[in-house]
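Hi everyone, thanks for coming. Let me put the chain up on the screen and walk you through a few parts of it.

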Amino acid sequence: MKALVILVAILMIVSPAMAGYEVVDLGIVGQSFSTDINCQGEVCGFSYFGKTNHAFTDGVMVPRMAEAYGIDDCGTVVGSTLIRYQVRPSVCYSGKTFLLQTLGGEFGCARAISKGVIVGQAEKRFGSNAFSRPCWWPSGKKAFELFTNPGMGWAEAINSRRQIVGTFFPEGQGPSVFLWQRGRVIWLGPGYASAINDRGAVVGYSPTENGFQATLWRQRNTPLILPSPDGQSWTNDINNLGEIVGLAQTSQGYRAVIWQNGQITDLNELVESGDWLIFSAQAINDRGQIACRGYKEGQTHALLLNPQ
């Protein structure tokens, strides 16, 4: 594995000048998990109750969708729908959910959407075997493979420039981060991709001697390991201002964190109420609003953090 440029840093003490956040419980029934947020602050995700998963967006259940993973600025939601024990990719707009095609198999999941273009994964059969393949739905319901390299994987995110990132396991090898643009694939290195912003900055996490570490990739440049307090760390999203959110392992357990200007901050130190344990930051928009997951009284809740 190519050497990584490691940014050695300690967990910075929060400055009194740093903005705090208001915690908003989205009030979803059951155990709820946020996944994405759009520029208007609408949050999507899924909840578990009645022995099954139910997708939601902006506090309202999405019809016929089990899990929602992405939401665009128009409020269109993508995710997966359970049909006769088959998990199928789906999209919901104007209050109606539609199934998307797979690559001939039974399984698929739509993971992100930008300007009407959907990306994710779909099962494709090779003889008696079936593999998850990175794919996109550029228009309509028909799925297309991003590339034909042997192996399996998924497309995780797309920006407004139609740059797509994801994770791929080449045949007989470990996970690699890929960037797809204009029909070409650029391999960024070992690891897992989480998000890409409109400037082409990619975040995710990569394997190191100390486990997984939050990582930033800029095209073909050497990846940067982001500072982490005590142990492993994972990124989930990056906005167009370069603010990165995710979670980190600390001496007190897992905590939701934000990376700004090379510094890492525990979001629990910036919220008004001490009743919440916020353990993961899932997504951040350009207004600085953050979709999070938190514990309270033994339940997991989908949360929205509004900067003050």
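Let's begin at Val 245, which lies in strand S24, residues 244-250. Strands here are DSSP runs of E with at least two residues, numbered from the N terminus. Is Val 245 buried or exposed? Val 245 is buried, because its relative accessible area is 0%, and buried means under 20% with a 1.4 Å probe and protein chains only. Its C-alpha atom is separated by 12 Å from that of Val 202, 43 residues apart along the chain.

A quick word on the source: this is a predicted model, where local features need pLDDT of at least 70, side-chain atom pairs count only at pLDDT 80 or more, and totals for chains, interfaces and linings use all residues. Residues are numbered from 1 along each chain as its sequence is written, and side-chain values use heavy atoms, with hydrogens and water left out.

Gln 260 stands opposite Gln 263 in S26. Two residues sit between the strands, and Asn 261 takes a positive phi near 50 degrees.

Next, the open sheet. Its four strands come in the order S2-S29-S28-S27, with antiparallel pairing. S2 (21-25) and S27 are the edge strands, each pairing on one side only. S28 (residues 290-296) and S29 (residues 299-307) are joined by seven bridges, and Gly 294 has His 301 as its bridge partner in S29.

What about the largest nonpolar core? It has 16 residues, and Tyr 21, Leu 267, Ile 278, Ile 290, Cys 292 and Leu 305 touch the most other members. A core, by the way, is a set of buried Ala, Val, Leu, Ile, Met, Phe, Trp, Tyr and Cys residues joined through side-chain atoms within 4.5 Å. S2, S25, S27, S28 and S29 each give two or more residues to this core, and S27 gives the most, with three.

Last stop, the largest pocket, with about 1,100 Å³ of space. On a 1 Å grid over the protein atoms alone, a pocket is an open set of points where a 1.4 Å probe fits, with protein on both sides within 12 Å along at least five of seven lines, and lining residues have an atom within 4 Å of a point. The volume is the space filled by probe spheres set on the points, which are joined across faces, edges and corners. Of the 46 lining residues, Asp 36, Ile 37, Ala 157, Ala 195 and Asp 237 are the closest to the centre.

Thanks, everyone!

Definitions and conventions. Pairing = 2+ DSSP bridges. Buried < 20%, exposed > 50% of the residue type's maximum accessible area, 1.4 Å probe, protein only.
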